[in-house]
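Please find below a short note on the model, arranged as numbered points.

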Amino acid sequence: MARGKKIYEGKAKTLYEGPEPGTLIQYFKDDATAFNAEKKAVVDGKGVLNNRLSEFFMEGLNSIGVPNHFIKRLNMREQLIRQCEIVPLEVIVRNFAAGSMSKRLGIEEGTRLPRPIIEFSYKDDDLGDPLVPEEYIIAFGWASQQDMDDIVALALRVNDFMAGVMYGVGIKLIDFKIEIGRVWEGDFMRLIVADEISPDSCRLWDIESGQKLDKDVFRRDLGNLTDAYTEVARRLGVLPTNGPAAANSVIN
Ligand code: C5P
């Protein structure tokens, strides 16, 4: 499928105009960044794995009626998605303490939280995506109270789905981040899950060993990131036929 004009280049993905109005092509790069792009590397095969994994999770969400931007995968690195207007928030759901929550509150990583906790960061790289209370979001007009109620409901459904799927393959879903987009159907606005769901945006720990199978492997220099993501893909049965390395050499 012919790609249109490049319309946005992010840290891990590039968006191109799609074949029909209201569609985009999302291209998954091999670039890995952490700490607001202070740490960078190219990780061979990461884009191929995240394209497949995001497809798997978004299709699963679609099948249980959680609306999202995914239309279809086009090839090893690209998927066709619905164009939407991204709400400028990172929606983070935590089941166990880790990362910035552990640091901020001094709670040991891996401590089970009394219930899933949702938090919001304002999407702004220059500011380092600061954590913001719901009151700011509504007062500054980034989302309405009704939007926030819908976003919380969506986030909890994604959490239940992801936690269940991961549990089934021996992985604990510690936390994750999603982004939400607006689409218009006539005069009616709907909120849908957008961006990607992959080990770049989740914390995934092996239930037995506690081994990290997510981007913390890169952030904290814990080993080979492709091996970690390949393990997640293998357990879920979504590995490309000849493995990410083979796929990569065909694509590039
Ligand atoms: O760093 P922190 O503990 O706040 O991250 C919570 C979750 O959100 C982690 O799964 C992390 O991978 C994800 N996240 C993300 N993109 C960001 C910030 C956090 O995917 N910019």
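1. Helices (H or I, at least four residues) and strands (E, at least two) are DSSP runs, numbered from the N terminus. Strand S2, residues 13–17, contains Thr 14.

2. The model is predicted: local features need pLDDT of at least 70, side-chain atom pairs count only at pLDDT 80 or more, and totals for chains, interfaces and linings use all residues. Residues are numbered from 1 along each chain as its sequence is written, and side-chain values use heavy atoms, with hydrogens and water left out.

3. Thr 14 has a relative accessible area of 2% and is therefore buried (under 20%; exposed is over 50%, partly exposed in between, with a 1.4 Å probe and protein chains only). Leaving aside residues up to four places away in sequence, Thr 14 touches Lys 6, Tyr 8, Glu 9, Ile 25, Gln 26, Tyr 27 and Lys 29, where contact means heavy atoms within 4.5 Å.

4. Helix H1 (residues 46–63) packs on helix H4 (residues 145–168) at an angle of about 120°, the axes being 11 Å apart. Axes are lines fitted to C-alpha atoms, for helices over the stretch in contact, and angles run from 0 to 180 degrees between N-to-C directions. H1 is therefore oblique to H4; angles under 35 degrees count as roughly parallel, over 145 as roughly antiparallel, 65 to 115 as roughly perpendicular and the rest as oblique.

5. H1 contributes Phe 56, Phe 57, Gly 60 and Leu 61 to this contact, and H4 contributes Val 158, Phe 161, Met 162, Val 165 and Met 166.

6. The end C-alpha atoms of residues 6–235 are 34 Å apart, and this span is 30% helix and 36% strand.
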